[in-house]
Structures are given as C-alpha cells and as structure tokens.
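Please look through the protein model shown here and then read the briefing that follows.

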Amino acid sequence: MNKTVGILAHVDAGKTTFSEQLLYYTKSIKQRGRVDHQDAFLDSHQIERQRGITVFSDQGMFSYRGSRYFLIDTPGHADFSPEMERGIQAMDYAVIIVSAVEGIEGQTEIVWELLRKHRVPCFFFINKIDRVGADVQRVVRDIQSNFAVDVCDISEALEEDGEMSEVLAEFLAERDEALLERYMDAGYDKESWLAAMQRLIRDNAVYPYACGSALQGAGIESFLQKLDLLTVTDYSSGEPFAGRVYRIRHDEQGTRITFIKALSGTLQVRETVNYGDEENPVSEKITQIRVYNGREFHAVERVEAGELFAVTGLSMAAVGDGLGTLREKSVYDMVPTLKSKVILEPAVNKKEVLQYFKILNAEDPSLNVLWEESLQEIHIHVMGRIQLEVLEQLVKERFNINVSFDKPEILYKETIETETVGYGHFEPLKHYAEVHLRIQPGERNSGIRFENACHADDLSVGNQNLVRHHLYERDHHGLLTGSPLTDVIVTLLTGRAHNKHTSGGDFREATCRALRQGLEKARNVLLEPYYQFKIKVELEQLGRVISDIQQAHGNYDAPDTEGDKAILTGTVPVATFMDYGSELASFTQGKGTLSLAFAGYNRSHNEEEVIAKIGYNKDADPEYTSSSIFCAKGQGYTVPWDEAESKMHCL
C-alpha cells in the first residue's frame, strides 16, 4: 500500500527532527541528523543548513509493515507558506507537530486551515514533552477550542494490534450511528471498531493525537505503529493514468524535473503524457522516471498509483497541473502580499537575469516574475523579507549573479462599489465584435466571477464562450492605481459578431474594452491586504497593544484572559503591521507572542495617499483602453469611452 504523509508545523516545533526519527527508525537513513548540527537529511540544501529552517519541501521514503511511505517535510516559516501548500496537495494524511511548551502558534493555524481546505485527514503529535513548561493537556484543550473538538488520545488508548480502551471505543461510537447501534446490540469488537476509526479519520470526523519528544526519540516508534494501523489508501492501478504536478525543480545540469503524485493508473518511461486545457493541449514523452529519497534518487522504468516520483521530458507542465485524465488545475490560497524590484549590478545583462528568474518562477509560481518593459526592471511577488534574503543566496549559488532587492511594497487590488454596464466595440476594417457586460460588486475576496445572460439568437454559444475565455485569460487592471481588479461579477448581456469579418482576437478586444468602459462609469475603490492577528501579552501590557493596533488602523475583538495573560485577536493592514513582531518582542522582553495569518483584502485605510504615491495614469496605459473602434467609409476610427454607448449596434 502506498501512503503519502506530510509533516507540518510552526517553525521550530520540531518537524524536521520528527521526520528524521521516522526515517532512522525505519532504517531509511543510517544516522539521525539534527537541524542545529546542520546535518538533517531532509534539510539538505546549504541555505537550509545555514539558517536552521526548512525552505524547500523535501521528501523521504521508507517501508514499514508492508506499506511504502512517502514522507513530505514542509517549511514551517510563514515566508515559505506557498511551498508548504503545494506539498499539501500530494498528501494522503498529515501530521501536525505542536510544541507542548509553545502550543498552537500562527503557522499552526494556517496549516490547519489549508488542510481543511484540501480535505487532508490529520494526526497531531504534541512534541517537546521533555522541556520545562510542557503542558500536554493545555495543548489538547487549545486544539479542541481552536481546531476540532473531536480529538482522541491514541498514546495509551490504542494498542499496536488494534485493541482499544473502553473510553476510546465509546468516543468512536458516539460519532458513528451504525457503530453506536452495534455497540448497544452486541458490544465492542476490535475489527469493526478499527475499520470505523480508519473511516472516521479519512472523513475528517476525528483527529487522533499522541505525545513525545522527537529530539529524544520518545513516543516515535509507538506513534508510527498507530499511524500505520489507522491509515489506509485505495489507489487503483488498473485505471488510465492520472496525476498532479506538485513541484518543479532543475538539477545541476539544468534539466527540468517535474514531481508528480500518481492518483490512478501506471506510467512508464517513453510513455506519452497529455496535459493542458482544450485550447492548448500538450503531449510529451517521459524520458526518465526518478524516485527520490532526500536529494538522492534512483531511476525506475514504471510507477503506479499512490506513488510520488519525478520525471524528465515535460517542458511545459506547471505546478498544480493535472496530467492524463485529470485536467483540473489546483488553486492556491497562499498568495504573496508584497512586491519588490530586483536590483542588479550595472554590468549585468538584465534579460539574462530575467531568464534565471523565470526558472525560479517555474519552481515557485507565487513569485509571479514580471518584466516591466517601460522601466526595464524585474519585479517579483514575495511573502516577506526572509524570503528575499533566501532568494539573494539562491541566485548567487545557482547562477553566480549578485542581486539585491528593493524594500518590499504592498500589493494592492481594486474593485467597484456600484453596478454598471460596460460596452465594447471593435471594428477596424475587416474585423467586427461587440460585447455588453454588466459589472457588479462581488463578495470580498471572491475574485472575478463570470455569468451569462446572453441569448444564443444574439450571439452564438461559441462566441459567448470566447467572451468568458478572454475575461479569464489575463489580469484586468483597475483605474486608480493599475492594480489587479477583483471581487466583481461580470455578466455577458448581449453581443454581436459578423458572419464574414469576425476573426482572431476580435472578441478579446471587445471584451476588454467593455470591461474597462464599465469601470470608467463605476465607483472604484482600492483594496489592501490584511492580517488576522493573535497577540498574547501580560495583562498590564494590553493597553499598549490596543493603542498600537488602533494606530495601525486595525480592528480587535474583546480581549480574553488566560491566567495573568491577555489574548487579543482582530484584523489589521499588512502595510502598518508587517514589522510589529520586533516591536512587540522589544517591549515585552521577548515574552509576548504574535501570530499573523493572511486575512484577505479589504478597503485601503489610506486610499488617497496610495493613489497619489503610485501616480497611475489610466489614459496612458498602452495595454488598456476603454475606448471603442467603429468603422466608417472603409476605415476604423476611435470613439472615447464616454461617447461609445450611443454608437453601439446592439442597443
């Protein structure tokens, strides 16, 4: 049986040490590495060893009691959350490591939310029980109040052979109606209860936990026995091949390595794999299949459902792509809120460096590398300053180029507050398309949603689909700062084509002009990213924290107390709070704790100031226009947006 298990945690909770213990216990590695000794097997990159943190999702492999396990060790630092989320999509089960001293921390909460989104069943391992201040029951209560009530202790209540205590048996029966009836009629039997527990875990109905010390090796063997007992997978190798790309890397020779989770069927070397969408289908031949354990790999001829592996030969597959019969592409929640400019030495060839950054962008799509032609600059999106420091090292190490980065700036977005109808007409000589779009405000953080109210008598279904396609094929910019448009519902009302002259990208032009023309008439608003924060300080420090949040234009809930501590939660703009951690540490002498999670976008607290600073000129943007083009006397002419509506042919 093939099983993929991910190890996730807040930074320094002991995640990599836990993974090392599993690999050592199952004889996959000969000696246990340690993060502080810079010899951890799964933190194999020099940057990771120097910094003592996991930056890249690495994978190990071991066999245990007839099953083959693929182990994914993910980054715990918030700056590398996108890397962590990409690893989640390949997991069958997850183990969340929580420190028995620090308890639930900011990244722990992010991990939990992502696992819920992707429906990955999970176990908890409460680590560092050998440390001063460890309190397992306090952590369990925190898990129950913050994550899930239905957690159960498997340290003592479950035996290696599946026998369970009366308390655990009743806990499961209370959460499964069929099991409860069986319990009332015939009492407990091991096989039924074990099968039910496996099912409840897979259904995310119960969450087992155990405790121990990864550093000391305490509780690891017992936990692995229980993990093996309670996890099952049902992959089928008899169906056509389907897989998902979860990682892209390049080896030392520059060869593109595509990491895949096989979801069904089998795959062999020299076999052709299909991917892409209906409009851009791609077929490429697999030239090599690799099975990795850390940085080492061995080549194989064939892989089957449930395995993690890497291939060469796929030149265009991107992270999140479905392969074979799976065509659905993954959508990720962890998106950067900051952008930065790449600063180069004067003699460096900018276009050459751009190609290097495109390689990094293939490996980490959240970088969203952009070449600003008018400024001759490279811009990237990032999660934070630590990521920029790592990128600096990475570029030097891999490409022998010295780069630095400008101070990170906020990534803004735009939306509208009023409903409008936009009109777009594109009719230069021998071209023709017209589109009418209703544009309405959408729910916050909902993106752009397309709806269709157009009758086929007005516009063929094929052309209606073209409008939808062109709406989604590119980002659309707002009028205030040129930032991406979001949170709108765009409805196709009607349109017109010409039997002879409509061709090529005519509907692309008409659609974009209609959207832009509608924005000209709507009330536009600027959005900025917000944090969800959780701050824990001494009671006497609460007033200072509340004052800081108010000055940062944040909102907070009524404080909670926990002994002599105060806990404050709420939301605050990223722009005003991204550096607050060091300030909090200073006035609390390092005893205050701060957890930050991305809370989406909301109204900018200083809209006018930002608009003035960016200085975007909507009329001078060469890629966007709200005017329409009509034809008269054999030639096209431009009609400004405020005059275009009266000339539309469909009115």
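T337 touches V382, E409, I410, L411, P529, V574, F598 and Y601, leaving out residues up to four places away in sequence; a contact means heavy atoms within 4.5 Å. The model is a predicted one, in which local features need pLDDT of at least 70 and side-chain atom pairs count only at pLDDT 80 or more, while totals for chains, interfaces and linings use all residues. Residues are numbered from 1 along each chain as its sequence is written, and side-chain values use heavy atoms, with hydrogens and water left out.

**Two single residues**

- T337 sits in the loop between β17 (322-324) and β18 (338-344). Helices (H or I, at least four residues) and strands (E, at least two) are DSSP runs, numbered from the N terminus.
- T337 counts as buried because its relative accessibility is 7%. Buried means under 20% relative accessible area, exposed means over 50%, and partly exposed is in between (1.4 Å probe, protein chains only).
- E372 belongs to strand β19, which covers residues 370-372.
- E372 has a relative accessibility of 27%, so it counts as partly exposed.
- E372 is in contact with E377 and H379, with its neighbours within four places in sequence set aside.

**The whole protein**

- The protein has 18 helices and 34 strands. Its radius of gyration is 28 Å, close to the 26 Å that the globule rule gives for 651 residues, so the protein is as compact as a globular protein of that length. The radius is taken over C-alpha atoms, and the rule is 2.2 Å times the number of residues to the power 0.38.
- Along the principal axes, the C-alpha atoms fill a box of roughly 90 × 65 × 65 Å.
- Of the 651 residues, 53% count as buried.
- Among contacts between residues at least 6 apart in sequence, 73% join residues at least 24 apart.
- The protein exposes about 29,200 Å², and carbon and sulfur atoms supply 46% of this area. Accessible areas come from the Shrake-Rupley method with a 1.4 Å probe; for residues, only the protein chains shown count as cover.
- The protein has 69 positive and 100 negative charges, and their mean positions are 5 Å apart. Lys and Arg count as positive and Asp and Glu as negative, while His and the chain ends are not counted. Each charge is placed at NZ of Lys, CZ of Arg, CG of Asp or CD of Glu.

**Salt bridges**

- The structure holds 39 salt bridges. A salt bridge is a side-chain nitrogen of Lys or Arg within 4 Å of a carboxyl oxygen of Asp or Glu.
- In the salt bridge between R249 and E83, the closest N and O atoms are 2.7 Å apart. R249 lies in strand β8 (residues 242-250) and E83 in helix α3 (residues 81-88), so this pair ties together parts that are 166 residues apart in sequence. R249 and E83 are both buried.
- D364 and R86 meet through their side chains in a salt bridge of 3.1 Å, N to O. This pair links distant parts of the chain, with D364 in the loop between α10 (350-363) and β19 and R86 in helix α3, 278 residues apart. D364 and R86 are buried.
- R175 and E174 form a salt bridge of 3.4 Å, N to O, between their side chains. R175 counts as partly exposed because its relative accessibility is 27%, and E174 counts as exposed because its value is 58%.
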